[in-house]
Amino acid sequence: MSASRTSKSDKAQNTQPASSTPPIRKSPIFDGRLNLEQQRKRAKELLRDLQNGKPGALARLKNAGHPLSQPEIPTLKLADAQLIIARENGFTSWPKMKAHIDKIFERNRQIAQGTLPTLDAKTTLHLRCGSDIRHGLDIAGFVGDFLEFADPFCQGPVPDLPRDQFIQTRANFIAEAYQITPKDALARSHREYASLATLGDYEQVVLWFEHDSYDQLILAFLMDFIATTRPKTQLEVISVGEVPGIDRFIGLGQLSPELLIWCWENHRMPVTDEMLHFGRDAWSAIRSQTPDLLESFIKTAPTKQPLPHMIKAFKRHYVELPDRQSGLGLTQQLTLQIIKDHGPVTIGKVFGHLMRSYDPLPYLGDLMFWADVQRMMDCKDPLFTITSNNPDQNWAEQTLTLSETGEATLEGKTSFLENFTGIRWVGGIQVTNTSKQDL
């Protein structure tokens with residue numbers, strides 16, 4: 001229906017033109033499988049650089065919190081360098097990293113030989129906000145059914161309306177933003193929402209989610225739905241914010257089948273009443289017409305949160321509201337900054353920079369980003385120009401060049417809201433050129 005996901009390639013590489021198919025979220029190529037021999041080689045290289053006093057190596061020693069001081073550097077052994085490598089990969093020690101790598105290697109062997117232990121059952125349902133891990137689950141030996149629910153609440157209106165009106169509103173937005181036939185968008189919306197009624201037909205339902213606002217807003221909706229319907233089944237949630245060995249973890253879809261098993265074994269938790277209540281409050285905050293409830297939900301959240309990644313994702317969602325000075329949401333601000341830093345630059349490359357380095361918590365798919373770019377064009381004085389070599393050129397290959405207005409807006413010398421002629425939504429909050437008075 002909406003921003004569904006696939007896997008195994010970089011998000012920035014998905015540059016197909018908009019069509020009747022939904023936008024796709026793609027993921028970085030590295031799948032999380034660390035190679036022990038490679039790590040050993042890195043440790044030896046690091047030891048050599050440390051003993052030679054190279055500044056970069058010494059900085060890594062300090063950043064890793066190694067107990068040795070600089071005068072003791074000549075006494076460093078290979079084990080010291082291995083400790084630094086392990087900590088850089090997210091482990092407290094080299095033996096723990098080696099044990100993790102050995103376990104993943106063993107899972108790879110079991111997959112290849114078809115000797116995996118039983119993980120789930122035919123009576124299990126795996127629910128995910130996209131299709132990106134579906135094939136990986138099959139390869140990993142999971143036998144339960146798979147259900148995709150992928151309405152991207154991180155974009156478009158999320159009003160507090162009765163279910164039928166809510167679905168119609170969402171379908172209207174999806175059809176317009178992602179260039180899908182309205183009839184098809186509405187039909188798929190109805191199918192996805194209706195499919196949630198089947199949760200009670202399974203003995204076990206597992207929700208697979210990651211830490212960004214795309215996932216966490218949907219997870220909040222599902223907590224509210226489950227709390228309301230109370231399906232009599234074993235409910236569990238997998239919520240992942242980081243994976244050892246991956247510097248910039250973006251999504252479950254980037255992980256190898258072995259790492260999906262690792263998520264199953266290390267991040268699966270029963271859904272508790274506390275999670276359901278927390279999710280319901282979160283969903284109410286998202287649908288509010290003013291920022292007050294969302295801001296209050298973020299500020300008053302307990303230190304130990306029932307859903308560990310929700311508040312961070314909601315903070316990222318919150319900064320999509322207009323900045324008081326520039327009138328830009330964070331994605332808009334980062335887009336202009338990338339054009340300034342790298343431009344003139346193609347839209348596809350802007351998206352790549354956004355996902356790989358600029359966005360503190362990336363959540364967009366490629367067509368979702370293109371929809372944002374088009375929405376930024378709804379203004380009296382353009383923030384940038386878009387040029388193409390021919391009328392049929394893929395949107396991702398078209399070039400963006402920052403305008404004087406765009407640079408002034410980025411610097412906060414003028415407000416985008418005074419220039420904006422369209423409508424933008426952050427959950428239940430409508431952003432227009434009249435929003436400036438509410439900042």
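Which residue stands opposite Gly427 in β10? Pro157 does. This is a predicted model, in which local features need pLDDT of at least 70, side-chain atom pairs count only at pLDDT 80 or more, and totals for chains, interfaces and linings use all residues. Residues are numbered from 1 along each chain as its sequence is written, and side-chain values use heavy atoms, with hydrogens and water left out.

The points below cover a sheet, salt bridges, aromatic rings and nonpolar cores. Helices (H or I, at least four residues) and strands (E, at least two) are DSSP runs, numbered from the N terminus.

**An open sheet**

- Strands of a sheet pair through backbone hydrogen bonds, either parallel or antiparallel.
- Here, 3 strands form an open sheet in the order β3-β10-β11, with mixed pairing; two strands pair if DSSP finds at least two bridges between them.
- The edges are held by β3 (156–157) and β11 (429–431), each with a single partner strand, so one side of each is left without a neighbour in the sheet.
- Strand β10 (residues 424–427) runs parallel to β3, and 2 bridges join them.

**Salt bridges**

- Side chains of opposite charge can pair when their charged atoms come close.
- The structure has 27 salt bridges, a salt bridge being a side-chain nitrogen of Lys or Arg within 4 Å of a carboxyl oxygen of Asp or Glu.
- In helix α4 (residues 94–113), Asp102 and Lys98 lie 4 residues apart, about one turn of the helix, and their side chains meet in a salt bridge with an N to O distance of 2.9 Å.
- Asp102 is partly exposed at 35% relative accessibility, and Lys98 is partly exposed at 29%; the scale used here calls a residue buried under 20% relative accessible area, exposed over 50%, and partly exposed in between (1.4 Å probe, protein chains only).
- Helix α4 also holds Arg109 and Glu106, which are 3 residues apart and so separated by about one helical turn.
- The closest N and O atoms of Arg109 and Glu106 are 2.4 Å apart in their salt bridge; Arg109 is partly exposed at 31% relative accessibility, and Glu106 is partly exposed at 29%.
- A salt bridge of 3.2 Å, N to O, joins the side chains of Arg268 and Glu236.
- Because Arg268 lies in strand β6 (residues 268–270) and Glu236 in strand β5 (residues 234–240), this pair ties together parts that are 32 residues apart in sequence.
- Arg268 is partly exposed at 31% relative accessibility, whereas Glu236 is buried at 8%.
- Salt bridges also link Arg128, Asp132, Glu210 and Asp215 in a network.

**Aromatic rings**

- There are 20 aromatic pairs in the structure; rings of Phe, Tyr and Trp (its six-membered ring) pair if their centres lie within 6.5 Å, and planes under 30 degrees apart count as stacked, over 60 as edge-to-face and the rest as tilted.
- One of these pairs is Tyr193 with Phe221, which is edge-to-face, with 5.7 Å centre to centre and 75° between the planes.
- Tyr193 in helix α7 (residues 182–195) and Phe221 in helix α8 (residues 213–229) are 28 residues apart, and their pair links distant parts of the chain.
- Tyr193 is buried with a relative accessible area of 5%, and Phe221 is buried at 2% relative accessibility.
- Phe416 and Phe420 form a tilted pair, with 5.1 Å centre to centre and 35° between the planes; both residues are buried.
- One aromatic cluster is formed by Phe149, Phe153, Phe166, Tyr193, Phe221, Phe225 and Trp283.

**Charges over rings**

- The charged end of Arg268 sits over the ring of Trp264, 3.9 Å from its centre; a charge sits over a ring if NZ of Lys or CZ of Arg is within 6 Å of the ring centre and within 35 degrees of the ring normal.
- Arg287 lies over the face of Phe166, at 5.2 Å from the ring centre.

**Nonpolar cores**

- A nonpolar core is a set of buried Ala, Val, Leu, Ile, Met, Phe, Trp, Tyr and Cys residues joined through side-chain atoms within 4.5 Å.
- The largest nonpolar core has 85 residues, of which Phe153, Leu207, Met223 and Phe314 touch the most other members.
- Helix α8 gives the most to this core, with 11 residues.
- Another core lies apart from it and has 22 residues, among them Ile104, Leu252, Ile261 and Trp262.
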